[in-house]
Amino acid sequence: MSNLQLKNETVVGVWATIGAWNSGAKVYPLWNHQQIKKPLQQLNADYIISEFDEGDSDGAFIKNNIDLKQQLDLVNDFSIGNYRLQVFKVTP
């Protein structure tokens, strides 16, 4: 994550807080139970951090008809312990 310029960017996802720590980014953790129907638009997302299978958010994106792997650009794929994380860039 340190190679990305996140200052003033918006990072969304359960792992957003730790992934964008001390970067100057706005972060919004996101879980499936939240009442956000269009998370990319409503939160003005620049980046998404999610576990490979969206297990962290209980499928918050796929349940809102957002297929991260098909609709966004993968910019990083890494592991923290047993967790495989992916970072996606949201392009307009």
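## A partly exposed aspartate and its partner

Asp58 counts as partly exposed, because its relative accessibility is 49%, and the cut-off for exposed is over 50%. Bear in mind as you explore that this is a predicted model. The side chain of Asp58 meets that of Lys63 in a salt bridge, with 3.5 Å from N to O.

How many salt bridges does a search of the whole structure find? The search finds three, and the bridge between Asp58 and Lys63 is one of them. Another joins the side chains of Arg84 and Asp77, at 2.8 Å from N to O. Both partners are partly exposed: Arg84 has a relative accessible area of 37%, and Asp77 has one of 34%.

Glu9 and Lys89 also bring their side chains together in a salt bridge, at 3.8 Å from N to O. Glu9 sits in the segment before β1 (10-12), while Lys89 belongs to strand β5 (residues 83-89), so this bridge ties together parts that are 80 residues apart in sequence. Lys89 has a relative accessibility of 22% and therefore counts as partly exposed; the cut-off for buried is under 20%.

## A buried glutamate without a salt bridge

Now follow strand β3 (residues 47-51) to Glu51. Is Glu51 buried or exposed? Glu51 is buried, yet it has no salt bridge. The nearest side chain of opposite charge is that of Lys69, 10 Å away. A salt bridge would need a side-chain nitrogen within 4 Å of a carboxyl oxygen, so Lys69 does not qualify as a partner.

What does lie beside Glu51? A polar atom of its side chain is 3.3 Å from the backbone nitrogen of Asp56. Leaving aside residues up to four places away in sequence, Glu51 touches Trp15, Asp56, Tyr83, Arg84 and Leu85.

## One aromatic pair

The structure holds one aromatic pair, and Trp15 and Tyr83 form it. A pair of aromatic rings is described by the distance of the centres and the angle of the planes. Here the rings are 5.4 Å apart, centre to centre, with 55 degrees between the planes, and the pair is tilted.

Where in the chain do the two partners lie? Trp15 is in the loop between β1 and α1 (16-19), and Tyr83 is in strand β5, so the pair links distant parts of the chain, 68 residues apart. Trp15 counts as buried, at 14% relative accessibility, whereas Tyr83 counts as partly exposed, at 41%.

## Two nonpolar cores

In soluble globular proteins, nonpolar side chains tend to be buried together. The largest nonpolar core of this model has 14 residues. Val12, Leu40, Ile48, Phe61, Leu68 and Leu72 are the members that touch the most others in that core. Take Leu68 as an example: not counting residues up to four places away in sequence, Leu68 touches Ile48, Ser50, Glu54, Phe61 and Phe88.

There is also a second, separate core of twelve residues, which includes Leu6, Ala16, Ala20 and Ala25.

## An exposed asparagine

Finally, find Asn65 in the loop between β3 and α3 (68-71). Asn65 is exposed, with a relative accessible area of 68%. From Asn65 to Asn44 is 17 Å in space, C-alpha to C-alpha, and the two are 21 residues apart in sequence.

Technical notes:
Residues are numbered from 1 along each chain as its sequence is written. This is a predicted model: local features need pLDDT of at least 70, side-chain atom pairs count only at pLDDT 80 or more; totals for chains, interfaces and linings use all residues. Side-chain values use heavy atoms; hydrogens and water are left out. A nonpolar core is a set of buried Ala, Val, Leu, Ile, Met, Phe, Trp, Tyr and Cys residues joined through side-chain atoms within 4.5 Å. Buried means under 20% relative accessible area, exposed over 50%, partly exposed in between (1.4 Å probe, protein chains only). Contact means heavy atoms within 4.5 Å. Helices (H or I, at least four residues) and strands (E, at least two) are DSSP runs, numbered from the N terminus. Lys and Arg count as positive and Asp and Glu as negative; His and the chain ends are not counted. A polar contact is a pair of N or O atoms within 3.5 Å; within protein, one must be able to donate a hydrogen and the other to accept it, and residues adjacent in sequence count only if both atoms are side-chain atoms. Rings of Phe, Tyr and Trp (its six-membered ring) pair if their centres lie within 6.5 Å; planes under 30 degrees apart count as stacked, over 60 as edge-to-face and the rest as tilted.
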